[in-house]
Amino acid sequence: MDDADNPPSRASGDIDKLRSSLAIVITHVVLDGVAEGPLGVGLDVVATAARLVEAGLSPGPGRAKPLRQRVVSLDGRPVRSGTGRSISVDGTLILRSVKAGDVLLVPGLSAASERAIEHLLSRPDTARGIELLARAAAKGAMVAASCSATFVLAAAGLLAGRSATTTWWLVPAFARRFPEVTVRADRMVVESEGVLTAGSAFAHADLMLAIVARVASPSLAHLVARYLVLDERVSQSRYMVMEHLRVADPALRAVERFVAANLGRQLSLDELAHAAATSTRTLARRVQAGLGMTPLEFVQRVRVAHASHLLETTRESVDEISARVGYADAAAFRRVYRRYAGETPRGRVSRATRKG
């Protein structure tokens, strides 16, 4: 008999009480190694949203449904955080109590390297969590995860054929392990057919706001962000460091050197493949496997990285820098820069000036 399908009466009673007022139930599913920061942020976002709803301050017509939340583990016992602290829980993840429209989310885990990810996915408790999350999603629950916990959703098959994001420096490992997933490395939060993923660590705040926006309203999410002084961000690109995206593949290093040496002109895929001493098809496959992006996106990132350096270290105008990194149209450069850097060129100059 499966405990997840046949819960103890206390656990099922808890969830029934939460549901008795037709509340929206958000369940934080914690595994050993949970990162305390994301879990705490998630609890604060939902608690703030709930207080605003109960106080009648939720924007929009009509009264919003109340929000309730609980923290559960796979066996109802406390878990150890990534820093070794004991994290208490409200009960067990009870599959029989999960209904369509419920929200199950897995906060980020302290697995910051490919080796740590390998260990995480090989653990028996993770295998159990993978099974339960897949079955919950099949029942119509909204499932979400941030940071390295996105690997758990992917391992459950919930992201196959869909788009997702993850911790930006783990993108190459994610792309290699799950080639059937389209990785949107620059996005802070990605929703794809009822499954939400978020980027690194405190992108969990953005994930929580996205969940509140979907189960309650965008206006309530915006109000929560204002109360908690949270910026609503769509991209993690500005936080990416090119050095972390480099891999050992000598072909990709050759492409990067070639792009850097030819920043001032447009480059064709054939030229990039020639620099890598491979075919265009093979190059596209290796860039996708190694970096989780297309060759064109990689070229754009190299150009933007060089542009950022020039914006921070020279007094050249945006138009001058645009031409130096290969954009004859300064307006097009501004659009590309904003997409990959998460801010405008002038915004980068202003930040560099304040630091100086």
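The following questions and answers concern a predicted model.

Residues are numbered from 1 along each chain as its sequence is written. In this predicted model local features need pLDDT of at least 70, side-chain atom pairs count only at pLDDT 80 or more, totals for chains, interfaces and linings use all residues, and side-chain values use heavy atoms, without hydrogens and water.

Reader: Which helix has the highest mean pLDDT among the elements of the protein chain?
Author: pLDDT is the predictor's confidence in each residue, from 0 to 100. The chain mean is 85, and 85% of its residues reach 70 or more. Helix α1 (residues 9-19) has the lowest mean among the elements, 49. At 98, the highest belongs to helix α5 (residues 150-155).

Reader: Is Thr 150 buried or exposed?
Author: Thr 150 is placed in helix α5. Beyond four places in sequence, Thr 150 touches Ala 145, Leu 159, Thr 165, Thr 166, Phe 174, Thr 197 and Ala 198, a contact being heavy atoms within 4.5 Å. Buried means under 20% relative accessible area, exposed over 50%, partly exposed in between (1.4 Å probe, protein chains only). Because its relative accessible area is 0%, Thr 150 is buried.

Reader: At what angle do helix α7 and helix α8 pack?
Author: Axes are lines fitted to C-alpha atoms, for helices over the stretch in contact, and angles run from 0 to 180 degrees between N-to-C directions. For helix α7 (residues 203-215) and helix α8 (residues 218-227), the axes are 6 Å apart and the angle is about 145°.

Key. Helix = DSSP H or I, 4+ residues; strand = E, 2+ residues; numbered from the N terminus.
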